[in-house]
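Thanks for making the time this morning. I would like to walk through one structure with you, and I will go slowly for anyone who has not seen it before.

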Amino acid sequence: MVPKPAPDVTRRSEKSRRAIYAAALSLVAEVGYPKTTVEGIAARAGVGKQTIYRWWSSKADVLLEAFLDLADQTARPAGPETAGPETAGIPDTGDLAADLKAVLRATVDELLDPRFDAPARALTAEGVVNEQLGRVFVARLLEPQLQLYVARLRSAQDAGHVRRDVDPRIALELFVSPLAQRWLQHTGPITHDYTDTLVDYALYGLAPR
């Protein structure tokens, strides 16, 4: 009698993890963060609640990891040169404007992806009224992304392309913050042309040249 092969626990665990990611993101997009529960995520994913608590300590941890994975999945098809700031460093080709435009174009594509848009809006909105959650998501998700811009701007300073007295952490907000506001509040369309213009305005100013 031929013995049956042992079940692949690794594959089964990965399948469950992916089901939990998908369940968490779809649920928070549908009902919002406050009404999203570990029990609800488990039921939708088809796993036991204990499975979730074995890997994560709270629903916030589940959603954070699911969101990071989603960012990676949506950026990956673009390739390393245009991947979003969530998953890759900002390219340094020696042309700061071109590099910033490339990464912001990838960010626009991500923000317009339906898989990303709904859960991102739900979590961002909750972070505004839930200070504790907002701080966690800023510290663990947003700030690491922003530090990639800081690194690229510092490289530009070393190359003499940006003034030494410029604070990179403040400077990056000239093009990142308007995009975030327009996306969140629907104050206008977000397009590649829009983010290209933000970069031009930030780097070259509004005064006549």
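Before I point at anything, a word on naming: a helix here is a DSSP run of H or I that is at least four residues long, and helices are numbered from the N terminus. Please also keep in mind that this is a predicted model.

With that naming in hand, let me start at Arg169, which has its place in helix 8, residues 168–171. Arg169 is partly exposed, with a relative accessible area of 26%, and its side chain makes a polar contact with the side chain of Glu173 at 2.9 Å. If we leave out residues up to four places away in sequence, Arg169 touches Glu143, Leu146, Gln147 and Val150. Of these, take Gln147: it lies 22 residues from Arg169 along the chain, and the two C-alpha atoms are separated by 7.7 Å.

That brings us to helix 7, residues 131–158, which bends by about 45° at Val138. Its buried residues include Leu146 and Val150, and also Leu133, Phe137, Leu141 and Tyr149. Just after helix 7, Gly160 takes a positive phi of about 80°.

Let me turn now to the stretch that UniProt, in an unreviewed entry, gives as "DNA-binding region", at residues 37–56. Over those residues the chain is 75% helix and 0% strand, with the end C-alpha atoms 13 Å apart. Just after helix 2 comes Gly46, with a positive phi of about 75°.

Ser16, in helix 1, residues 9–31, is in contact with Val47 and Trp55, leaving aside its neighbours within four places in sequence. Is Ser16 buried or exposed? Its relative accessible area is 19%, and since buried means under 20%, Ser16 counts as buried.

The buried residues of helix 10, which are Tyr194, Thr195, Asp196, Leu198 and Val199, pack against helix 5 (96–111) and helix 9 (173–185).

Note on methods. Residues numbered from 1 in each chain as written. Predicted model: local features only at pLDDT ≥ 70, side-chain atom pairs only at ≥ 80, totals over all residues. Heavy atoms only, no water. UniProt positions renumbered as here; feature names shortened; annotations may be inferred. Helix = DSSP H or I, 4+ residues; strand = E, 2+ residues; numbered from the N terminus. Buried < 20%, exposed > 50% of the residue type's maximum accessible area, 1.4 Å probe, protein only. Contact = heavy atoms within 4.5 Å. Bend = angle between axes of the 7 residues up to and from the residue. Polar contact = N/O pair within 3.5 Å; in protein donor to acceptor, adjacent residues only side chain to side chain.
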